[in-house]
Each structure stands twice: as structure tokens, then as C-alpha cells.
Amino acid sequence: MGIKLYQEPQLEHPDMIASWPGIGNIGLIAVDVLRGQLEAEELGEIEPWDFFYPKKVKIRDGELKGMEFPASTFYFKRTVKRDVIVFLGEEQPSNDRGMYAEGKKAYQMANLVLDVAERFGCRRIYTSGAAVAPVHHTMTPRVWAVPNTETLISEIKTYRNTILMSQIEGRDGQGMITGLNGLLLGVARKRGIDAICLMGEIPIYLEGAPFAYPKASRAVLNVLSDALNIDIDGEQMNKFVERSERGINDLYEKLPAEIKEQLDRLKHIGHDEMKKPEPITEDDKQRILEDIDKLFKRGSKEG
Amino acid sequence: MNKQQPFQIYKKPSIHNGSLIVAWSEDAGALGSNVINYLTDKLGAQELAELDVSGFFSLRGVSVINDVAQFPQCKLYCCEQKNLVLLLSNPPQSNWYTFFKSILTIAENECHIKNLYTIGGMISLSPHTISAKLLATANCTDLKNSLQQYDLTRSMNYETPEEQRPTLSSYLIWLAQRRGIAAATLWSPVSFYLANTEDPRSCWRAIDFFNRLLALGVNTSDIAAKIADQDQRIAEIKQQMPEIGESIRKLEDNLGLDEEESEHLIKTMSALLRKR
């Protein structure tokens, strides 16, 4: 189990941005777009054997020619303003091949990522994921930010379109970030490295959708762009968001009128009004999620 | 037994350039268990080693099969006269890399294995009455060529589709390839409606292959008797339930079944063939 570095560049107190798959792949898409825009070079990888079951076998003319494993890759980029290391995990290591990492393997993976961060003298780690919220997909998603030390709170308050857990009614500053996008923060805290997790809001009714939600990724990317002081060309992401929005609208139109009516209520509570009681009861929410799940299943059969 | 070597070794076998046959106990038509148990019994193979399964199975509880509580196991048997080692295991649920590494380490260091073969059941849409061949994939050209003399399907092209994963057997022979051990996966077709019970024809196909490949000299007339017995029982079912006969005839004529027909065939065969 180890890290394989392809090169050892001299980096000046880089920031590390790490992400693994999660709900709507919000963080992963944001970080991957950032990597692409930076034209970051491959730096190294975490060897997959101890963490993952292979994802693809290649057989040619009756002979086994290759086995592909989920990749966990580091990239780097020196920019005028800041050096950056990007980490992208294609899967979270999990014993039962579930979506989220847990236990010993999750801890080992987090430590290996931080070993690379420390080796290159990283100043700070950013991770990214999803925040499931009672919002409508036509609204601009906000970014929930969770630091691993109190000293970062004042800085987070300067980020645009960003809120802390304590600013969300009913949470009282409490919450849970599932999987490695969250765990990395905790392990970084243990090792004395500053870290912030940025989570883009995804509507509750899209939580289980079998497609990405780039609108939230765009919101995260904008915050990262500010925090890292790196200019991002938004065109690629905007096109992705437009395509996704059209697809979601098509699906939305197919929802039963009663469900749509309830979901439409989410449009009328602006972010400033989120402190009001939720407009949809838990029973309603359950029924809505079941109906949407049915719609996705029907859609995938038809598709 | 320790973290590096989780096998408890009961005896040091005297084997050189031998062969290892690996099978999984949860397999279509119970093929893996049937092949290993049959060879172990016929060859008088002795227990050689057992793996400490605690690192590879969830052990959240026990599964119950046919009214009986089970516990996962991974055991090696050896038959020194035939230079043969047999491994039967439940499919590991986690830490696959360490699991396979442990198997290959004991196979190399303690058993001096030259070739490794996995055998498994492959669900087939063809009826049990149609003759079928074993499907082989080798991890090196030499072994692939040496298998040429056997009547196998050997020229498969395949890539794991999205949403699916490679089989444990493919993973094992890939790792064997990295360690320079010549290995092949062998798959014996099992008719889909026999996958929940047993398919003695499929078992015979596998045993007959190993018999020839490794010069085992095993008399397989008892499997022939099992095949005849199962044929007789299926004939009785067809007589009592003409729609079952009709479904099998359709498959023999290379016609597909609709979902309802397939489900009825599977349920009927599973229920009636398991009753004894």
C-alpha cells in the first residue's frame, strides 16, 4: 500500500484540493474542471491494490491482457499566484463496494493523501461534496463551508455565496459529512493541517438521481476560484449546467401534478427565508422521494 | 498463522511443478464445490491448510442455507501422487488483494505450483441437452497454446461492461500473471434453470477436462449415472408439466422464452430437482 510519485516538483506552500465521488458528484466535477482548466500535470498516484476491487478486465483472443483499477491521482500546477496540488479519487475505498469509505481503509486513504500534502508543504486542504437542502433546482445553489479549525471561520465569512453550518436553521452548527470528503478534514485536523470542505447545495428531490448536478459544482468552483485566487473560465461549466438544467426540467415536467405543486413551493422560499419552518413535511418528503425514484426507474427503463 | 501468512498449514506437501485448481463455493449449479469435492474424494486428497477468514468476510452474522447455519471457509487440499493442490473457498467479501496474495504465496512457497486453474459455472441461456464447451482464458500465451489440444472455447474477446465488475477468478489469474505463474480461468456452461440446483453435465465437462489435462485417471462413470438420473427426473417433470417440456423444446430450437416462461422454468426446476 503506497504512494507512487512520478516526479518531485519544487512547490511553494501549495494548497491541495481533493475530492472523491459523492451525491451528484458535485465536488468531483468541480475539482476535475479546476484540474482541466489549470492544465495540471500528473504528479503521482495512490496504488489501488489494497483499496479497490478492479473495475475492468480486458481479454483479447482468449488471453488476459489487463486489469483496470479505480484511480486515485495527484496533479500539480504552479501558477503565478499560487501553487496547487489536485487529488481526484475515482472511487471511495469501501469494504462492501458501497459509495462511501469507512473504517480502516478510509483512514489509511486519508493519511496517504495527507502524506503527499505534507511532503510538498501544503498550507491548506480543500475538499468538496454535496449539501442536500430544501431548495429548488431553478435556484442558485449556495455553498456550505465547514472548516476543521475555528481560526478559518472569519475567512470563510468573506467567501461569496457561502454559509456556515450555524447559519442554517435547526442545525445549530451541527452536521455530518459522510465519506472521505469529510474524513479528510478530521484527519487533517489531527495532523494539524488547516482544511475546509465546500459543499454545493443539491435539492432534496435530486439526492438519489442517477446523474450529476453541475449547478452545485459551479457554485463550489466559484468559491474555490476566489479562495485560491485563480481565474476560472466559466464557459465550459455554464454549458454543462445548461444541458443538465434542460434534462432536469424535462424530468420535472413528467412528475405527477400533486408532487410538482409541492416541489414548486420550494421556489418561493428564498435563501433568506430558510430560517422559517420547512414548507414540506417529512411525510410529504418521503412520498415525493418515492415518486421521483419511480420516475428515475421508469426513465432508465425507457432510456 | 500471522498477518503476513494467514494460512494455518497442517502439512508440508511434497509437490513440484504441480497444479492448483481453485473454485468458489457459491457458484452457478454448485459447480465449484462439486468439482473440488468430487476430486478431493476420488483422489483421496488430504487437508493441507486453512485460511483465517476473519479479515476477508464481514462476519456480521451467519448465513443459513438449507436450514443450516454456515461459516465461510477457505481450505487447501493436496494429492501428492497427482502433484495436485485443490482450493475451495467462499468468495471473499473484502481485502481481495491480500486474500489472493496469500493464496499465491502458499501456492508458490509451500506447494511449488507451476500452473493455476480456476473452475466456475457460467450461466448459459442454452438448454442442458445441448453440448457445450468449457470457456478458457489464459494469462500467458504459452499456457493458452498448451490448452489448444483440448476442445475448449479459447478465443474470447471481452471487456467488463459499465456497472459490472471482473470476476474473482479473473482477478486471481491477473495477480498470478504479475507473479509469473501461468494460470487460466475455466468456465463450464450451466443452463440458467439449473443454476440454483446442480448440473451434473457441467460438472462432468470440468472433471473430464482436468482428467485429461492432469492425467488424473479418475473413473467418472458415477457422474454419468448422475446425469442419467437427472435426465430421468426432468423427463418426469416434463411429463407432469407439459409447459416445461415446451419451454425446453423452444430453447433446443434456439427460440427465446419470455420473462414469465423463464421464471416458471427456473422456479419449477429449482423446486423439483432439489427435492429428493
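In the predicted model, 16 residues of chain A and 23 residues of chain B make up the contact between the two chains. On the side of chain A that touches chain B, strand S4 (56–60) and strand S5 (63–68) each supply at least two residues. The most is given by S4(A), with 5 residues. Sorted by class, this side of chain A holds 7 nonpolar, 2 polar and 7 charged residues.

Strand S4(A) also takes part in strand pairing across the contact. Its partner is strand S10 of chain B, residues 158–159, and the two strands run in the antiparallel sense over 2 bridges. Within this pairing, Ile59(A) is placed opposite Tyr158(B) of S10(B).

A packing of two helices is found within chain B. Helix H1(B), residues 31–43, packs with helix H5(B), residues 200–213, at an angle of about 50 degrees, and the axes are 10 Å apart. The crossing of H1(B) past H5(B) is right-handed. On the H1(B) side, the residues that meet H5(B) are Leu31(B), Asn34(B), Val35(B) and Tyr38(B), and on the H5(B) side they are Ser202(B), Cys203(B), Ala206(B) and Ile207(B). Of the residues in this contact of H1(B) with H5(B), 6 are nonpolar, 2 are polar and none is charged. The side of chain A that touches chain B, by contrast, includes 7 charged residues.

Note on methods. Residues numbered from 1 in each chain as written. Chains lettered and ligands numbered in written order. Predicted model: local features only at pLDDT ≥ 70, side-chain atom pairs only at ≥ 80, totals over all residues. Axes fitted to C-alpha atoms, helices over the stretch in contact; angles between N-to-C directions. Helix = DSSP H or I, 4+ residues; strand = E, 2+ residues; numbered from the N terminus. Left-handed = near helix turned anticlockwise from the far one by under 90°. Contact = placed C-beta atoms within 7 Å. Nonpolar A, V, L, I, M, F, W, Y, C, P; charged D, E, K, R; others polar. Pairing = 2+ DSSP bridges.
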